[in-house]
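Please keep the sequence and the model in view while reading the points below.

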Amino acid sequence: MRKPKTRAALLAGLLLTASALAGVNPPAARAAADPVTVTVNTRAGLATVPDTALGVNHAIWDSNLGTAETSDLLRDAGVQMMRYPGGSYADIYHWKDHTAPGGYVAPGTDFDTFMAAVRRVGAQPMIIANYGTGTPAEAADWVRYANVTKGYDARYWTVGNENYGNGHYGSAWEADDHPDKSATQYARLVVEYADAMKAVDPSIKVGAVLTMPGNWPDGITAGSDPGPWNQTVLSIAGPKIDFVDVHWYPGGTAAESLARVNHLPDATYLLRQQLARYAGPNADRIGISFTELNVDAGRNTQPAALFLADVYSGLLENGVFTAHWWNVHNGMGTVTQVAGQTDYGDFGMLSSGACTEDGSVCQPPLNTPFAPYHGLSMMKLFAKTGDQFVRAGTDEPLVTAHAVRRSNGDLAVLLVNKDPDNDHPVTIDYAGFTPSAVAPTVSTLTNGATGIVTSQSGSATSRTLPAYSLTTLVLRPAGATAGRPAAPGQPTASGVTDRAATITWPASTPGASPIAKYEVHRQNGAVSEQLGETASTSFTVGNLVPGSRYTVNVLARDTAGRISWASPPLTFATGSPAASTCTVHFSANNDWGNGYIGGVEIINSGSRPINGWTLTWTWPTGWQQVSSGWSATWEQVGNAVRVTPTDDNRQIAAGGSVSAGFVGAYGGPNVLPTAFALNGTICATG
């Protein structure tokens with residue numbers, strides 16, 4: 001949670017008369033010379049947009065939490081979920097008497113007022129039960145009041161907020177009155193909270209707090225816990241929870257925050273790996289929410305708008321069920337100039353009408369939308385409930401693309417130009433979709449604009465993106481879409497080895513004609529590779545690469561040639577051979593949050609000695625590296641690691657082994673390698 005600097009500063013900001021500070025016009029942008037190629041592939045289906053997708057945070061120290069003006073602005077921006085009572089304040093807040101000892105509670109912010117705002121917006125609540133200074137009984141009473149007494153039908157309840165920040169790992173910003181502040185104790189009490197709350201209303205969903213993979217304190221084990229925070233919490237509380245809750249503040253400059261959005265696919269992949277490994281049976285039922293998101297640089301200006309649209313899209317296409325901006329109102333921070341615009345350092349998406357302590361700089365009037373509000377409004381135009389995200393990509397890191405396919409056959413494409421200095425011409429290629437010749441509906445948010453401009457103009461295949469802008473195109477299909485078969489159901493994988501996997505899926509419902517066959521497609525970036533086709537609902541894929549991640553979709557084609565939407569995606573990873581002439585044990589120990597002590601043990605499982613060896617592997621991401629090593633010669637080029645012997649360990653006797661160590665470093669989610677080759681032979685792993 002990011003809180004106001006002080007109670008006094010917040011009150012001063014809310015009471016002072018606001019005056020607008022005129023923005024400085026940014027320098028004219030230049031047009032980049034070479035067009036960016038954008039690829040949109042409707043055969044590569046991703047997650048479906050849920051009715052909880054677009055979220056924001058409300059806080060009990062915000063006296064405008066319940067006003068009609070605030071609620072109407074949130075409704076107009078398409079808000080679908082609202083979180084209460086406000087980050088770290090949740091762990092000091094007592095709902096019955098509406099107090100937060102040690103903090104400030106504004107008038108007109110009680111739970112009933114919040115729920116009235118939720119209903120006016122047309123959203124759903126996400127409520128944080130007090131873990132730090134509360135009890136399971138207090139949380140159960142809140143559920144009873146909300147859903148039995150008042151009939152609010154509040155479905156989503158999280159136990160605490162950022163509870164790993166209670167001092168267990170050395171940093172203590174989160175209130176926690178429990179003598180035992182371990183992850184083990186938090187998990188045990190999550191079980192008690194879940195039992196008590198669901199005894200009142202079994203239909204609610206209870207969530208536990210996890211940390212973002214690749215961010216502190218991910219990977220660190222403290223005290224007597226059996227493992228890092230996420231592992232410990234899931235191992236104990238996994239069978240009792242319905243979702244996990246994660247926050248992400250990527251930090252850094254505006255450019256660094258915008259670039260780090262590419263961490264999201266690997267972060268959500270690691271979260272799901274942790275769920276599958278530690279959370280017990282049927283772990284795929286556990287959802288993922290990201291309920292705090294913001295940047296450090298450009299919070300009120302265009303970087304925040306670009307980040308919001310890019311990160312919400314990235315999370316939703318990877319199956320996260322809700323993404324929330326921190327915050328609706330927050331208060332003044334450090335005033336700077338960002339890309340020619342005045343930035344107030346305010347985590348809020350609406351102005352609180354605050355001034356600096358000396359009164360020299362004031363924000364625009366109360367509830368004036370800042371840039372991230374317009375980014376959220378763009379998300380409302382782009383991704384609607386029931387739309388299916390499809391794969392989109394570009395050949396330029398400063399331009400990103402997202403796309404959704406709608407039930408009426410329309411396609412919406414969101415284009416993000418993260419370049420503050422240059423316009424970028426783009427050409428757009430479509431796979432599995434032919435756009436109509438009718439001009440698309442185009443919505444654009446430019447740097448410094450006070451709103452989104454929408455028109456029907458231009459071409460579906462080319463246009464120029466203004467510097468630091470968001471652009472959404474809504475395209476009609478060229479031909480009729482009626483009569484096509486329904487999409488196949490969720491595929492599953494079985495019999496996964498190093499080289500093969502069997503994919504099975506629920507049958508498609510025919511449209512105007514019978515189903516002729518099913519096609520299995522692999523997502524290779526924004527391009528699909530057809531792995532095979534069959535008339536049945538199962539297909540075994542061969543010739544896979546060991547230690548690789550695969551995302552596949554199944555499409556149905558009928559006897560008239562009509563093709564369905566893509567099925568939901570299936571992601572699985574191949575491993576190493578069950579048996580080989582070599583075995584590699586890879587270890588990662590003593591993790592400190594952005595590095596660890598790594599090791600490899602190479603075992604000669606063959607019948608002959610090895611005289612001279614080279615071990616190779618490829619890191620799954622571009623932000624992993626070998627910093628230094630010992631007992632071998634270590635080299636890394638790009639993602640590829642090459643390890644060769646020293647003079648005294650060149651030979652490995654039959655049945656013998658050698659070991660070498662290294663310092664590993666990572667700047668994002670640390671997805672470890674699972675395939676290793678010794679002198680070109682893929683080894684077994686143990």
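In which loop does Asn282 lie? Asn282 lies in the loop between helix 8 (264–278) and strand 9 (287–293). The model is a predicted one, and the protein chain contains 10 helices and 39 strands. The radius of gyration is 26 Å, close to the 26 Å that the globule rule gives for 686 residues, so the protein chain is as compact as a globular protein of that length.

**Overall form and confidence**

- The C-alpha trace of the protein chain spans about 85 × 65 × 55 Å along its principal axes.
- Of the 686 residues, 57% count as buried.
- The protein chain exposes about 25400 Å², and carbon and sulfur atoms supply 51% of that area.
- Among contacts between residues at least 6 apart in sequence, 73% join residues at least 24 apart.
- The average pLDDT of the protein chain is 94, and 95% of the residues score at least 70.
- Over residues 2–26, by contrast, the pLDDT is below 50.

**Nonpolar cores**

- The largest nonpolar core has 119 residues, of which Met82, Phe290, Tyr312 and Met379 touch the most other members.
- Apart from this core lies another, of 24 residues, with Trp617, Trp619, Val658 and Ala660 among them.
- Leaving aside residues up to four places away in sequence, Met379 touches Leu54, Leu308, Ala309, Tyr312, Ser313, Leu316 and Leu414.

- Strand 3 pairs in the parallel sense with strand 10 (residues 322–325) over three bridges. Within strand 10, Trp325 stands opposite Val56.
- Strand 3 also runs parallel to strand 4 (residues 81–84), to which three bridges join it. Here Arg83 of strand 4 is the bridge partner of Asn57.

- Five strands form an open sheet in the order 33-34-31-37-38, with antiparallel pairing.
- Why is one side of strand 33 and of strand 38 left without a neighbour in the sheet? Strand 33 (633–637) and strand 38 (681–682) stand at the edges, each with a single partner strand, so one side of each has no neighbour there.
- Strand 33 and strand 34 run antiparallel and are joined by five bridges. In this pairing Thr633 has Thr644 as its bridge partner.
- The hairpin of strand 33 and strand 34 has two residues between the strands, and Gly638 takes a positive phi near 65° in this hairpin.
- Strand 34 (residues 640–644) pairs with strand 31 in the antiparallel sense over four bridges. Arg642 in strand 34 stands opposite Thr616.
- Strand 31 (residues 615–618) is joined to strand 37 (residues 677–678) by two bridges, and these strands run antiparallel. The bridge partner of Leu615 in strand 37 is Leu678.

**A buried leucine**

- Leu415 has its place in strand 15 (residues 411–417). Its relative accessibility is 0%, under the 20% limit for a buried residue, and therefore Leu415 counts as buried.
- Not counting residues up to four places away in sequence, Leu415 touches several residues, including Val38, Thr400, Ala401, Val426 and Ile428.
- Leu415 and Arg83 are 332 residues apart along the chain, and their C-alpha atoms are separated by 28 Å.

**Backbone details in loops**

- The peptide bond from Tyr84 to Pro85 is cis, with omega near 10°. Pro85 is found in the loop between strand 4 and helix 3 (111–121).
- A cis peptide bond also runs from Trp216 to Pro217, with omega near 0°. The loop that holds Pro217 lies between strand 7 (205–209) and helix 6 (229–237).
- Asn282 has a phi near 55°, a positive value in a residue other than glycine. With a relative accessible area of 58%, which is over 50%, Asn282 is exposed.
- Tyr468 has a positive phi near 50°, again in a residue other than glycine. Tyr468 lies in the loop between strand 19 (462–465) and strand 20 (469–475).
- Is Tyr468 buried or exposed? Tyr468 counts as buried, because its relative accessibility is 5% and buried means under 20%.

Technical notes. Residues are numbered from 1 along each chain as its sequence is written. This is a predicted model: local features need pLDDT of at least 70, side-chain atom pairs count only at pLDDT 80 or more; totals for chains, interfaces and linings use all residues. Side-chain values use heavy atoms; hydrogens and water are left out. Two strands pair if DSSP finds at least two bridges between them. Buried means under 20% relative accessible area, exposed over 50%, partly exposed in between (1.4 Å probe, protein chains only). Contact means heavy atoms within 4.5 Å. A nonpolar core is a set of buried Ala, Val, Leu, Ile, Met, Phe, Trp, Tyr and Cys residues joined through side-chain atoms within 4.5 Å. The radius of gyration is taken over C-alpha atoms; the globule rule is 2.2 Å times the number of residues to the power 0.38. Accessible areas come from the Shrake-Rupley method with a 1.4 Å probe; for residues, only the protein chains shown count as cover. pLDDT is the predictor's confidence in each residue, from 0 to 100.
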